[in-house]
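I opened this notebook page to record what I looked up in one protein model. The entries follow the order in which I consulted the structure.

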Amino acid sequence: MKLSVFSRVVLLFLLIGCKTTSPPISQVIINGHPVTVELAVTQEERRRGLSYRDSLPADYGMLFIYPNSAIRSYWMNEMRFPIDIIWIRENRVVGIVHSASTTSPPQRFQSPEPVNYVLEVNAGWANAHSITTGAHVVFR
């Protein structure tokens, strides 16, 4: 039986266990460059995102997982540091917002096409690793 990428990520989340108080950890690899990610699967986890944090360790991020592909809109509410927003559909990067930062009022960033994953990493990560639209994505 072959599982979709989404099914594998959800299965990983379930295997890690729902009772833990810390977010589940997984890995995303884009063009061979790994990012250790916290998974944002529930509506509340996706709403909170990286808000209220002071920073992320190098090569860490948050992966927002959706059950279907749709145009996604993000904003930098209560963000304390700039990030790159990487829009992913299935296993391909379809767009990147470089160095998104807090503005007043908060600016909204919209995916260029329907996506089912959004990866947030430290600002500059995408450029430092030469990540561009079309880059291949592996979920582990």
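**Entry 1: N122.** From a polar atom of the side chain of N122, how far away does the backbone oxygen of P57 lie? I read 3.2 Å for this pair. I count a polar contact when N or O atoms lie within 3.5 Å; within protein, one must be able to donate a hydrogen and the other to accept it, and residues adjacent in sequence count only if both atoms are side-chain atoms. I placed N122 in strand β8, residues 115-122. Leaving aside residues up to four places away in sequence, I listed what N122 touches: L56, P57, A58, Y60, F81, P82, I83 and D84. Contact here means heavy atoms within 4.5 Å.

**Entry 2: basis of the values.** I note that the model is predicted, that local features need pLDDT of at least 70 and side-chain atom pairs pLDDT 80 or more, and that totals for chains, interfaces and linings use all residues. Residues are numbered from 1 along each chain as its sequence is written, and side-chain values use heavy atoms, with hydrogens and water left out.

**Entry 3: overall layout.** I recorded three helices and nine strands in the protein. Both are DSSP runs numbered from the N terminus: helices are H or I with at least four residues, strands E with at least two. Read from the N terminus, the order of elements is α-β-β-α-β-β-β-β-β-β-α-β. Of the 140 residues, 41% are buried. I use buried for under 20% relative accessible area, exposed for over 50%, and partly exposed for values in between (1.4 Å probe, protein chains only). The accessible surface comes to about 7,600 Å², and 52% of this belongs to carbon and sulfur atoms. These areas come from the Shrake-Rupley method with a 1.4 Å probe; for residues, only the protein chains shown count as cover. Of the contacts between residues at least 6 apart in sequence, 71% join residues at least 24 apart.

**Entry 4: salt bridges.** I required a side-chain nitrogen of Lys or Arg within 4 Å of a carboxyl oxygen of Asp or Glu. By this rule I have three salt bridges to record.

- E38 pairs with R53, and their closest N and O atoms are 2.7 Å apart. Because E38 lies in strand β2 (residues 33-40) and R53 in the loop between α2 (43-48) and β3 (60-70), the pair ties together parts 15 residues apart in sequence. E38 is buried at 15% relative accessible area, while R53 is partly exposed at 24%.
- E44 pairs with R47, with the closest N and O atoms 2.7 Å apart. The two residues are three apart in helix α2, so about one helical turn separates E44 and R47. I found E44 partly exposed at 45% and R47 exposed at 55%.
- D54 pairs with R80, with a closest N and O separation of 3.3 Å. This pair links distant parts of the chain, 26 residues apart: D54 is in the loop between α2 and β3, and R80 is in the loop between β4 (73-75) and β5 (83-89). D54 is exposed, at 57% relative accessible area.

**Entry 5: S51.** Is S51 buried or exposed? I found S51 buried, at 10% relative accessibility. S51 sits in the loop between α2 and β3. A polar atom of the S51 side chain lies 2.7 Å from the backbone oxygen of N77. Not counting residues up to four places away in sequence, S51 touches N77, E78 and M79.
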